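Subject: Structure handover

Hello,

Here is the structure I promised to pass on. Please open it alongside this note. My findings follow below.

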Amino acid sequence: MPLELIDRPDLDADHKEGLWTLNFGPQHPATHTTLRLVLQLDGEMVMDAEPDIGFLHSGFEKLGEVLDFNQYVTIVDRMNYISPLANEIAWHHAVEKLLNIELTARCKYIRTIFAELMRIHDHLLCTGTCVLDLGGATAFMYAFNEREYIYEICERASGQRFHTSYTRVGGLLYDVTDDWIEMVRKFCRTFPKAYRDFAGLVMKNRIFVERTKGVGVLTREEAIAGGATGPVARASGVARDLRRDEPYLAYEDFDFDICAAQGGDCYARFQVRMMEILESLKIIEQAIENLPAGPIYSAGTGKETIPDKREVYRSIEGLIHHFESIMPNRQMPAPKESIYAATESPNGELGYYIVGDGTFRAYRARTRPPSLLHFSLFSRMIKGCMLSDVVAVLGSINIIAAELDR
Amino acid sequence: MTNTTASSDVGDLQSRLSGEVPGVSLAWSTYQDQTRVVVPAADLLSVLQASKKIGFDQLTDITCVDLLEYGNATDRFEVVYLLLNIETSERLTLKTYLNEPDLTIPSATSVWFGADWLEREVYDMYGIIFAGHPNFKRLLLPQEFQSFPLRKDYPVKGRGERHNFPVITRAES
């Protein structure tokens, strides 16, 4: 057989006896969390891959029908725990749309800053760990150094580093302080240098580039029909971003670009993520310098939002207000309607479909997880690649099993 | 956020979709900026194909709601399709109602292949059967699982599936 034909997958595909099966996961360091792939291999070439998921299924959507709109925020930030606040913002974005609540300008700006910090947070981890899986441990450490600082920013605002539970219906748990603003400013000053170090280690690393270029290609048509969103779709040439196309929060006020690439391979997805980090930084810089003063809770009938903690402790009106918005038989009724609202989370379109039944809790709280749609495209991307490319493709679509299985 | 919807847009969408599927009774409604249309289950596939034809090239999500305890609802299950036009950012919510014992509707995998896992998840959680799906089985839960846990008659605490697992000791394994 001529040499160039040996690697033609279609020649050997019919001879099933030549194929062997490999179980990848559920416990494998490069799967990051628990997910399993059943790979059909011809030598080292992947002929077929069947993902087997559900190891982390914890009934989150059932819990969403039991907890009220404010309580469920503690569950949503455990879905994509790489960027917890992005989930909280998406959840309350949908709730506020259902209840028809308009946020105050300050609340919108703070949420925007956090959403963009989370995008940087998520992209750093995604890129860093994939480089780690491909053998480059150094860049990963640089990424984690910056993530650590973002954790501190979260802690200063909410009191929690990781599962912040920071948003509330119509507002935020606490207002931010001046030293928090100073911390964000310092991040904007120091981050560009750290980014240069990190990008230099990754994007010009010849081993990394050769292991990701041309690997795991997703065409534009596949991305659209398969439901891909976010960086995965933009790397395949779908220039769509909810921040620009369906503006929410304060995104209309800022000047930023949408990053897209044509390749559709792992390298294109990394390029898109790396460029998006810089755009996010641009948004944060604009938002922190123009942060409006004023209240963080929207003024409405009063029942939809929780009063400021100082009011609750120091005045009888505040305490009554608190009581009215917390007790299940006195809370604001949600309309008997259904709504779908989505935000551009770091991973893609993260939406919630909520059905209200006249109480302050969801009758049905469906999460539209970007990871699920992206992972369902995995077997298309990996066909014809080598066994060692599996970790590169897995890393580039940023699968978070807690969000995948919920 | 406003309650007003550009009614001309909705009217335009209505006439475009109705023009593709003449004779199908479509019930339209809006809430906030969301346009919804209720489709009879028998005509679902033709309406989905028509929606793709008029520009809804991405299927954002498929989900289901169990209306067992929902106010004065007369139907049991509501299957929801969220569609999106990539170019114009126009969205359409398509709903269909199902009642026991016939919980079968046609699969949308032939229209958008992204429906694959979404339909499997709806089956997994609600027991809705999607006829014509190429690889129809549970997605998240074990294949031998008996119930459909997101149905309202399934208790939040579960039915002891987890606690009744056989315990295998190290000596027996």
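How many residues of chain B are in contact with chain A? There are 29 residues of chain B in contact with 35 residues of chain A. Contact here means that the C-beta atoms of two residues, placed from the backbone, lie within 7 Å.

First, the ground rules. This is a predicted model: local features need pLDDT of at least 70, side-chain atom pairs count only at pLDDT 80 or more, and totals for chains, interfaces and linings use all residues. Residues are numbered from 1 along each chain as its sequence is written, while chains are lettered from A and ligands numbered from 1 in the order in which they are written.

**Chain B against chain A**

On the side of chain B that touches chain A, the elements giving two or more residues are β3 (58-66), β4 (77-84) and α3 (115-126) of chain B. Helices (H or I, at least four residues) and strands (E, at least two) are DSSP runs, numbered from the N terminus. β3(B) gives the most, with six residues. By type, this side of chain B divides into 17 nonpolar, nine polar and three charged residues. Ala, Val, Leu, Ile, Met, Phe, Trp, Tyr, Cys and Pro count as nonpolar; Asp, Glu, Lys and Arg as charged; the others, Gly among them, as polar.

**Domains of chain A**

Chain A is divided into domain 1 (3-52) and domain 2 (60-100 + 102-299 + 335-405). The bounds come from an automatic or database domain assignment. The C-alpha centres of the two domains lie 31 Å apart. In all, 17 residues of domain 1 of chain A are in contact with 19 residues of domain 2 of chain A. On the domain 1 side, β2 and β3 of chain A each give two or more residues. The largest share, six residues, comes from β3(A). That side divides into ten nonpolar, four polar and three charged residues.

**The sheet in chain A**

Three strands form an open sheet in the order β1-β2-β3 (chain A), with antiparallel pairing. Strands pair if DSSP finds at least two bridges between them. β1 (20-24) and β3 of chain A stand at the edges with a single partner strand each, so one side of each has no neighbour in the sheet.

β1(A) and β2(A) pair over five bridges. T21(A) has Q40(A) as its bridge partner in β2(A). Seven bridges join β2 (residues 36-42) to β3 (residues 45-52) of chain A. Here V38(A) is partnered by E50(A). β2(A) and β3(A) form a hairpin with two residues between them. G43(A), in the turn, has a positive phi of about 65°.

Best wishes
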